[in-house]
Amino acid sequence: MSENVVSGESIIIRTVVGMLYPFMLLLGFYVIINGHYTPGGGFQGGSVLATLFVARYVVFPVDDTDSERLHTIQRVFLMLILVIPTALLFTGVVTRYPALRGPYLTLMDLLIGVQVGFGLGVAVLRFAFFQGVGKTWHL
Amino acid sequence: MRRFLAALLVVGTFAIVTVVSVRNRVELAPFTYDYIVQNFHDDTDSKNAVAAILLSYRMYDTMFEALILLAAIIGMTQFLPRPSDMNGDARSDAAQEPEDAADE
């Protein structure tokens, strides 16, 4: 969203999305972190985080995001999602130490949120730039 | 005729399953429901029963939901063409796709 880049969208959309960007980030992390107090949680907050990629695509439709790297980050977080409950929940550590229960829920919500956010972001970018090229692709 | 028979098979299966499931209604004992509603705060320290179920009682469900998302994205990244595939010779780029998949 730097000024020297020519964007196809009007200055109104660019300015409004630029102003909304931090609030979308804030709402996403609010929904994720308050997942075990209020309605919401990892999947919902991750979807809100994925709208950041959509907003960036609307304003600045250039394929300069390394979606392979986003996918790698998503896979690392998925591995943590699989490993941490196996290590803490299924072995009974969380059940035995009540002080760990709150941090465990917050940690899992955070991991799931980031994983879903990056995953949906990769999906959105792949579809967006698949359509945006405008040439037919044949196998 | 084949389409009519296929449609008849689908609709007939739906009707039979609906009738059978309505006639033989199974009422489960509300043991799990009562247990979770009464004990979720003590068990998981969560103030939200949905979060308690998703992150503690039914953690396997959440883990495999996340895996489904990964499977969807792997399918997308492998089968949707990249912009570089569309500009040049698509055939040769497409032939190199399986090697990329094997590296991961």
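Author: What follows is a set of questions about terms, each answered by setting a value against its definition.

Author: This is a predicted model, in which local features need pLDDT of at least 70 and side-chain atom pairs count only at pLDDT 80 or more, while totals for chains, interfaces and linings use all residues. Residues are numbered from 1 along each chain as its sequence is written, and chains are lettered from A and ligands numbered from 1 in the order in which they are written.

Reader: How many helices and strands does chain A have?

Author: Chain A has five helices and zero strands, and its pattern along the sequence is α-α-α-α-α. Helices (H or I, at least four residues) and strands (E, at least two) are DSSP runs, numbered from the N terminus.

Reader: Why are α1(A) and α2(A) called roughly antiparallel?

Author: Axes are lines fitted to C-alpha atoms, for helices over the stretch in contact, and angles run from 0 to 180 degrees between N-to-C directions. Angles under 35 degrees count as roughly parallel, over 145 as roughly antiparallel, 65 to 115 as roughly perpendicular and the rest as oblique. The angle between α1(A) and α2(A) is about 165°, with the axes 8 Å apart, and the two helices are therefore roughly antiparallel. The residues of this contact divide into 15 nonpolar, five polar and one charged; here Ala, Val, Leu, Ile, Met, Phe, Trp, Tyr, Cys and Pro count as nonpolar, Asp, Glu, Lys and Arg as charged, and the others, Gly among them, as polar.

Reader: What makes α3(A) and α4(B) roughly antiparallel to each other?

Author: The axes of α3(A) and α4(B) cross at roughly 160° and come within 10 Å, and the pair is therefore roughly antiparallel. Among the residues that meet are A:Ile81 and A:Leu82 of α3(A) and B:Met63 and B:Ala66 of α4(B). By class, the contact of α3(A) with α4(B) has nine nonpolar, two polar and one charged residues.

Reader: Which residues does A:Ile81 touch, leaving aside those up to four places away in sequence?

Author: A:Ile81 touches A:Leu111, A:Ile112, A:Gln115, B:Met63 and B:Ala66, where contact is defined by C-beta atoms, placed from the backbone, that lie within 7 Å. Between the chains, 25 residues of chain B are in contact with 32 residues of chain A, and α4(B) gives the largest share of the chain B side, nine residues.

Reader: Why is B:Val20 counted as exposed, and why is B:Asp45 called partly exposed?

Author: A residue is buried if 20 or more other C-beta atoms lie within 10 Å of its own, exposed if 12 or fewer, and partly exposed in between. B:Val20, in helix α1 of chain B, has 9 such neighbours and therefore counts as exposed. B:Asp45, in the loop between α2 and α3 of chain B, has 19 and is therefore partly exposed. In chain A, buried residues make up 32% of the 139 residues.

Reader: Which residues touch the most other members of the largest nonpolar core?

Author: A nonpolar core is a set of buried Ala, Val, Leu, Ile, Met, Phe, Trp, Tyr and Cys residues joined through C-beta atoms within 7 Å. The largest one has 31 residues, of which A:Ile81, A:Met108, A:Leu111, A:Ile112 and B:Leu55 touch the most other members. α5(A) gives the most to this core, with twelve residues.

Key
Contact = placed C-beta atoms within 7 Å.
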